[in-house]
Amino acid sequence: MIHLRGMQQEVKRQIKLVLVPGFSYLSLGAILEPLQTLKGLASEVELNIDIVSLSEHEVEATSGLSVNCSILLEECLQSINKNSQETVVFICCGLKMPHKLQTDLKKLLRVCNRNKVPIYGVGCAGWKMADAGIIANGCATVHWSTLAAFSERNQNITAIDALFINNNGITSSPGEATALD
């Protein structure tokens, strides 16, 4: 999280908001709007927000509406490797995602984890982070309706019914509205 109390110097962050096909528009808005508000309220905070796609420039939400993404996976990976200390990644995805993109998402998550880039998972991202192995032997949360299945499938992860779980720089949240918090 970006803490503002007692801040004396400028904070610069590269925000990579990764949209996975089947994401929720509610999640997207719940991430973007508070960040835009922060940019307007805190002059010492510089946020550069890139909307990222794993494969194509347009990513379709569950609603059928599409978002045009400014950068693709490879450019995002290069930026993370170059600016890892300034980068924060948000993963916005639904439970069902195209199988062909799962390897790319795992690659992105592992690169972030290796470079100690904070990751914030929204929606069903907790499932994807578990699949990538980046929260093994730690704690995580997912939506209450799938928490029991998540716990059963990922026995090396302590599944907790909570709004947020931070596990060594990797934050999972159970649903769209919690991103506003």
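Q: In which sense do E2 and strand E5 (residues 71–72) pair, and over how many bridges?
A: This is a predicted model, in which local features need pLDDT of at least 70, side-chain atom pairs count only at pLDDT 80 or more, and totals for chains, interfaces and linings use all residues. Residues are numbered from 1 along each chain as its sequence is written, and side-chain values use heavy atoms, with hydrogens and water left out. Strands (E, at least two residues) and helices (H or I, at least four) are DSSP runs numbered from the N terminus, and two strands pair if DSSP finds at least two bridges between them. E2 and E5 pair in the parallel sense, over two bridges.

Q: Which residue in E5 stands opposite Val52?
A: Strands of a sheet pair through backbone hydrogen bonds, either parallel or antiparallel. For E2 and E5 the sense is parallel. The residue opposite Val52 is Ile71.

Q: What is the bridge partner of Ile15 in E2?
A: Strand E1 (residues 11–19) and strand E2 (residues 45–53) pair in the parallel sense over nine bridges. Within E2, Arg13 has Leu47 as its bridge partner. For Ile15 the bridge partner is Ile49.

Q: Which strands stand at the edges of the open sheet?
A: The sheet has seven strands with mixed pairing, in the order E5-E2-E1-E6-E7-E11-E10. An edge strand here has a single partner strand, so one side of it is left without a neighbour in the sheet. The strands at the edges are E5 and E10 (165–167).

Q: What angle does the direction of H3 make with that of E6?
A: H3 packs on the sheet and touches E1, strand E6 (87–93), strand E7 (119–123) and strand E11 (170–172), where contact means heavy atoms within 4.5 Å. Axes are lines fitted to C-alpha atoms, for helices over the stretch in contact, and angles run from 0 to 180 degrees between N-to-C directions. H4 lies across E6, E7 and E11, at about 130° to E7. For H3 and E6 the angle is about 150°.

Q: Are H3 and H4 roughly parallel or roughly perpendicular to each other?
A: The axes of helix H3 (residues 99–114) and helix H4 (residues 125–132) come within 9 Å and cross at roughly 80°. Leu105, Lys106, Leu109 and Arg110 in H3 meet Lys128, Met129, Asp131 and Ala132 in H4. Angles under 35 degrees count as roughly parallel, over 145 as roughly antiparallel, 65 to 115 as roughly perpendicular and the rest as oblique. H3 and H4 are therefore roughly perpendicular.

Q: Is Lys116 buried or exposed?
A: Lys116 is found in the loop between H3 and E7. Its phi is near 60°, a positive value in a residue other than glycine. With 71% relative accessibility, Lys116 counts as exposed.

How values were computed:
Buried < 20%, exposed > 50% of the residue type's maximum accessible area, 1.4 Å probe, protein only.
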